[in-house]
Structure formats: C-alpha cells, structure tokens
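Morning, everyone. Let's take a quick look at a ligand site, and then at the pockets.

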Amino acid sequence: MSAMREENASIIEAMDVEDEHTIGSRTYYSGKLLGKSVVVVFSHWGKVAASITATTLINCFDVKEIIFTGVAGAIDSRLRVGDIVVGTDLYQHDMDASPIIPRHEIPLLGRAAIATGESIRSKLAKAAGDFVSEDFSQHVSLDVVKAFKLEAAAVHQSAIASGDQFVSVSALAEEIGKRLPGVACVEMEGAAVAQVCESFNIPFGVIRTISDGADESSEIDFQSFISEVARVYSLGIVKRYLMQ
Ligand code: ADE
C-alpha cells in the first residue's frame with residue numbers, strides 16, 4: 001500500500017499484473033513482483049482512506065501481510081530529507097478521548113501504540129539499508145542527489161505518528177514530539193493500517209522516507225520530493241524486501 005500515486009505507479013510498472021479489481025474507488029493490482037505474489041494499491045490519503053484499503057486487502061484479497069510505503073515529515077530534528085524511517089510503533093497523534101481515557105490511547109484497546117511485526121520490521125530495515133548502500137546511486141541522478149542533499153541517507157527504526165493533518169507548522173511538530181516522545185516523524189496513514197491489521201491479526205510494516213521537516217516549508221519540499229525521489233525509494237525498497 002502507498003498513499004502516493006507516483007510511488008504506486010512505479011511498483012505497478014515493474015510487476016507482472018495478472019488481474020485488476022476496482023473496489024470502493026480503489027484499483028487493486030494483483031500479480032507477481034520478482035516472482036512473489038503481491039497486491040498493490042493506492043490507499044488515498046488519511047486514516048479513514050487507509051483503513052478502507054487495508055480492510056479490503058485483508059477481506060477481499062486474503063493478504064498474509066501488509067507493507068505501507070510512503071513519505072513523512074520529520075519530527076526529530078536529527079532526521080534529514082531522504083532519511084528512511086522503519087516504524088517500530090504506530091501512534092495516532094490526533095486521537096483524544098480524554099478525559100474519559102488518556103490522550104492518544106485507542107478506545108477499547110487500552111494502549112496508544114501498536115507495534116509493527118518484528119520480522120517484517122527487520123526485513124524492511126535490511127531492505128532499506130541494502131537499497132541505500134547498493135542501489136541508490138543507480139536510480140537517483142547526481143543532480144537530484146545534490147538538489148536534495150541525499151548523499152548520506154540514513155536508515156532509522158523509530159516510532160511514527162499518524163493523524164488526519166498535513167503538519168506544516170513547526171510549533172505543532174514540536175508539540176507532537178513533546179506529547180509523544182520517541183516519535184521520529186508524522187504521516188497520515190500508518191497507524192490506521194496498524195489498527196486494522198491488529199484487529200484482523202495480520203502482520204504489517206510501515207516504511208517512510210523523510211520528504212520534509214513538518215514545518216513552514218514542508219509543502220514545497222513535499223511536492224518536489226514526491227515527483228523527483230519518492231517513487232525511486234519505494235520501488236527500490238520493496239524489491240529489496242522481496243529478494244530476502
Ligand atoms: N507526509 C509527508 N510529510 C508530511 C507532513 N509534513 N505531515 C503529514 N504527513 C506528511
């Protein structure tokens with residue numbers, strides 16, 4: 001699954017598509033990528049959109065695991081554009097049923113965070129590391145590397161927070177970081193996929209490339225990153241993941 005058409009398109013282009021089904025306004029492409037059976041879909045944006053898509057993948061396509069690839073805004077100021085974050089725990093930074101239950105706690109679940117599958121997480125971290133060290137320079141032109149200062153892309157494993165909000169105000173990014181210490185970045189879907197997968201007992205992983213600093217320049221950084229870089233990362237990492 002991914003929340004950007006551009007990322008999705010590059011994966012669909014690389015696979016042998018055997019079937020396509022449109023359900024609930026999304027097209028699910030089934031087929032093979034590097035000989036492995038996959039279903040690829042553009043989730044649309046936000047937690048509800050991601051929940052619809054993940055639920056359909058599980059109930060209509062009987063998938064055995066779900067990987068979400070995409071971009072994110074940095075909350076941890078040590079992260080740089082082009083760095084990759086493999087999610088360890090997913091939080092909903094906009095979940096707030098207080099004072100009935102503590103802020104961020106998911107109603108009836110009794111906790112705020114949902115952990116990604118351990119084996120998927122370590123495979124994703126290896127895939128991202130291999131992509132950065134082995135494949136990266138073949139897929140990203142020197143001009144793009146220079147423009148986005150991608151020379152030293154690092155792979156991190158950290159918590160990720162999702163919410164129905166594109167974070168473009170640094171004060172909000174800081175506040176989220178204080179409310180949810182340990183969260184490296186923000187996006188809009190991962191925690192929804194986590195909650196669906198938890199409900200259906202399906203292992204899942206979330207991997208995000210930092211496209212912006214979740215601050216006042218995030219809109220400009222985000223748009224150019226998507227068109228120039230994101231598609232290369234997603235396909236490269238997914239391929240490395242399937243090769244293991
Ligand atoms: N995805 C990429 N950048 C983001 C941001 N700044 N806020 C939310 N989702 C994002």
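Start with Asp 212. One of its polar side-chain atoms lies 2.6 Å from a nitrogen atom of the ligand. The protein covers 97% of the 260 Å² of accessible area that the ligand has on its own. Keep in mind that this is a predicted model.

A polar backbone atom of Val 167 is 2.8 Å from a ligand nitrogen. For Gly 73, a backbone N or O atom lies 3.3 Å from a nitrogen atom of the ligand.

Where does the ligand sit? In the largest cavity. There are 13 residues around the ligand, and those that come nearest are Gly 73, Phe 166, Val 167, Glu 187 and Asp 212. By class, that shell has 8 nonpolar, 3 polar and 2 charged residues. Strands β4 (66–74), β8 (183–187) and β9 (204–212) each supply at least two of the shell residues. β4 gives the most, with 3 residues.

Now the pockets. The largest pocket holds about 570 Å³ of space. Its lining has 27 residues, with Ser 37, Val 38, Val 39, Glu 65 and Ile 67 nearest the centre. Strand β3 provides the largest share of that lining, 6 residues. The lining divides into 17 nonpolar, 5 polar and 5 charged.

The second largest pocket has about 250 Å³. It is lined by 13 residues; Arg 80, Val 81, Phe 148, Lys 149 and Asp 221 lie nearest its centre. β9 and α7 each give two or more residues to this lining, and β9 has the largest share, 3 residues. By class, the lining has 6 nonpolar, 3 polar and 4 charged residues.

Technical notes: Residues are numbered from 1 along each chain as its sequence is written. This is a predicted model: local features need pLDDT of at least 70, side-chain atom pairs count only at pLDDT 80 or more; totals for chains, interfaces and linings use all residues. Side-chain values use heavy atoms; hydrogens and water are left out. A residue is near a molecule or strand if one of its heavy atoms lies within 4 Å of it. A polar contact is a pair of N or O atoms within 3.5 Å; within protein, one must be able to donate a hydrogen and the other to accept it, and residues adjacent in sequence count only if both atoms are side-chain atoms. Accessible areas come from the Shrake-Rupley method with a 1.4 Å probe; for residues, only the protein chains shown count as cover. On a 1 Å grid over the protein atoms alone, a cavity is a set of points where a 1.4 Å probe fits but cannot get out, and a pocket is an open set with protein on both sides within 12 Å along at least five of seven lines; lining residues have an atom within 4 Å of a point. A molecule sits in a cavity or pocket if more than half of its atoms lie within 2 Å of its grid points. Helices (H or I, at least four residues) and strands (E, at least two) are DSSP runs, numbered from the N terminus. Ala, Val, Leu, Ile, Met, Phe, Trp, Tyr, Cys and Pro count as nonpolar, Asp, Glu, Lys and Arg as charged, and the others, Gly among them, as polar. Grid points are joined across faces, edges and corners, and a volume is the space filled by probe spheres set on the points.
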